[in-house]
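Hello,

Here is the structure I promised to pass on to you. Have a look at it first, and then read my notes below.

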Amino acid sequence: MSLPDQTIEKPAAERRLTIAKAMSEALAQEMERDPSVLVMGEDIGKMGGVFGTTTGLFETFGEDRVRDTPISETAFIGAAVGMAASGLRPVVELMFVDFFGVCMDAIYNLAAKQSYFSGGKVSCPMVLMTSVGGGYGDAGQHSQCLYATFGHLPGMKVVIPSNAHDAKGLMLSAIRDDNPVIFMFHKALQGMGWLGTVAGSINHTPESEYCVPIGKASVVREGSDITIVGLGATVHQALAAAGRLDEAGISAEVVDLRTIAPLDRESILASVTKTGRLLVVDDDYLSFGIGAEIIATICETLPGPLKCPPQRIAHPDIPIPFTPVMEHFLLPDAGKIESRVIAMMGEQK
């Protein structure tokens, strides 16, 4: 008896990368595919970037397309805006987002408004990748997130991946986008040995090219009692808290924003409609932040009443402390999320 003619496809082997390796792989693939893509920044050449974002690119593509720059953010980010207007697709690294103050004119008055000021005739297809986040005692000049500062400004897209798979797909989407994109990567998730990393940020990342759409959130854990919204590192804190809450009989749904601007309000609304409760966890400053924007959206659009008032956890409105004890006391963590959820479950509207 002959067997039917069929081909059984073997499942692809799991291939786990750190966010740093996923970003550098995305850059390499896009530079291979598109000769108009180049990378600039401080120590991104032979060193491969302080956070490993450009590892191996200099050896493959050379100094014409992987350019180390002087310590002048105003100069090289301004140059990138000009390159983008001239038909190139530059990717520039602002080593720490805290340095945005010295180059904000180039970011906001030049890059973000280029298309608007030209009536759509001149686009600005550039990516500005920058590190965010604290937790390692490097004080207020190297530890901020400032998500809302960039999400507030029209004309730019802003992304923050929580894992390697999304980091690669978002980077490919960002480079191919004709608008300026701020690509924020959290230092605690980067996979650098000297920083440590969250294990959940290292996940299966296909070698083939794929894009994660900008503007689409992801439900990373389903639940029925409460929606916890996070971004970057706080996604993993929310997942850890959800695991412990599950043991206590509380079913928490966790939404990973992935993109700050545009914000996927529909996915958040769908989740809160299902659970009836909302907690936003943000490691940026509390006032005028992402949490306030999401809670306002829900209050304005949810068709029915919530089971309890929505709440937010964020960094208080003070500079990031240098002292590790004080810094960790102020930053969000899984324990604070767990306690707040338990309190919310006990509230009656």
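Let me begin with a definition: rings of Phe, Tyr and Trp (its six-membered ring) pair if their centres lie within 6.5 Å, with planes under 30 degrees apart counted as stacked, over 60 as edge-to-face and the rest as tilted. By that rule, ring pairs join Phe 51, Phe 96, Phe 99 and Phe 185 into a cluster.

Two remarks on provenance. This is a predicted model, in which local features need pLDDT of at least 70 and side-chain atom pairs count only at pLDDT 80 or more, while totals for chains, interfaces and linings use all residues. Residues are numbered from 1 along each chain as its sequence is written, and side-chain values use heavy atoms, with hydrogens and water left out.

**Aromatic rings**

The structure holds 5 aromatic pairs. One of them, Phe 51 with Phe 96, is edge-to-face, at 5.6 Å centre to centre and 85° between the planes. Phe 51 sits in the loop between β2 (37–41) and α2 (57–61) and Phe 96 in strand β4 (residues 89–96), so this pair ties together parts that are 45 residues apart in sequence. Helices (H or I, at least four residues) and strands (E, at least two) are DSSP runs here, numbered from the N terminus. Phe 51 and Phe 96 are both buried; buried means under 20% relative accessible area, exposed over 50% and partly exposed in between, with a 1.4 Å probe and protein chains only.

**Helix α9 and its surroundings**

Which residues of α9 are buried? In this helix (residues 265–275), they are Ser 267, Ile 268, Ser 271, Val 272 and Thr 275. Seen down the axis of α9, the buried residues fall within an arc of 125°, so they line one face of the helix; the arc is that of the directions from the helix axis to the C-beta atoms. As a reminder, an α-helix has 3.6 residues a turn, so residues three or four places apart point the same way.

The cover over these buried residues includes β10 (226–230), β11 (252–256), β13 (278–285) and α10 (290–301), where contact means heavy atoms within 4.5 Å. The axes of α9 and α10 come within 10 Å and cross at roughly 65°. Axes are lines fitted to C-alpha atoms, for helices over the stretch in contact, and angles run from 0 to 180 degrees between N-to-C directions. The crossing of α9 with α10 is right-handed; a crossing is right-handed if the near helix is turned clockwise from the far one by less than a right angle, and left-handed if anticlockwise. From α9, Arg 265, Ile 268, Leu 269 and Val 272 make the contact, and from α10, Glu 293, Ile 294, Thr 297, Ile 298 and Thr 301. By class, that contact has 5 nonpolar, 2 polar and 2 charged residues, with Ala, Val, Leu, Ile, Met, Phe, Trp, Tyr, Cys and Pro counted as nonpolar, Asp, Glu, Lys and Arg as charged, and the others, Gly among them, as polar.

Both ends of α9 deserve a look in your viewer. A cis peptide bond joins Ala 261 and Pro 262, with omega about 0°, and Pro 262 lies in the loop between β12 (259–261) and α9. After α9 comes Gly 276, whose phi is positive, near 80°.

Lys 216, in the loop between β8 (203–204) and β9 (218–221), is 51 residues from Ser 267 in sequence and 7.9 Å from it in space, C-alpha to C-alpha. Not counting residues up to four places away in sequence, Lys 216 touches Leu 257, Arg 258, Thr 259, Asp 264 and Ser 267. At 41% relative accessibility, Lys 216 is partly exposed.

**Helices α1 and α7**

The axes of α1 (residues 19–33) and α7 (residues 164–176) come within 8 Å and cross at roughly 30°, and this crossing is right-handed. The residues of the contact divide into 10 nonpolar, 1 polar and 5 charged.

**Positive phi and a buried histidine**

Asp 43, in the loop between β2 and α2, has a positive phi near 65° and is partly exposed at 36%. Phe 288, in the loop between β13 and α10, has a positive phi of about 60° and is exposed, with a relative accessible area of 79%. His 315 in strand β14 (residues 311–315) is buried, at 0%.

Best wishes
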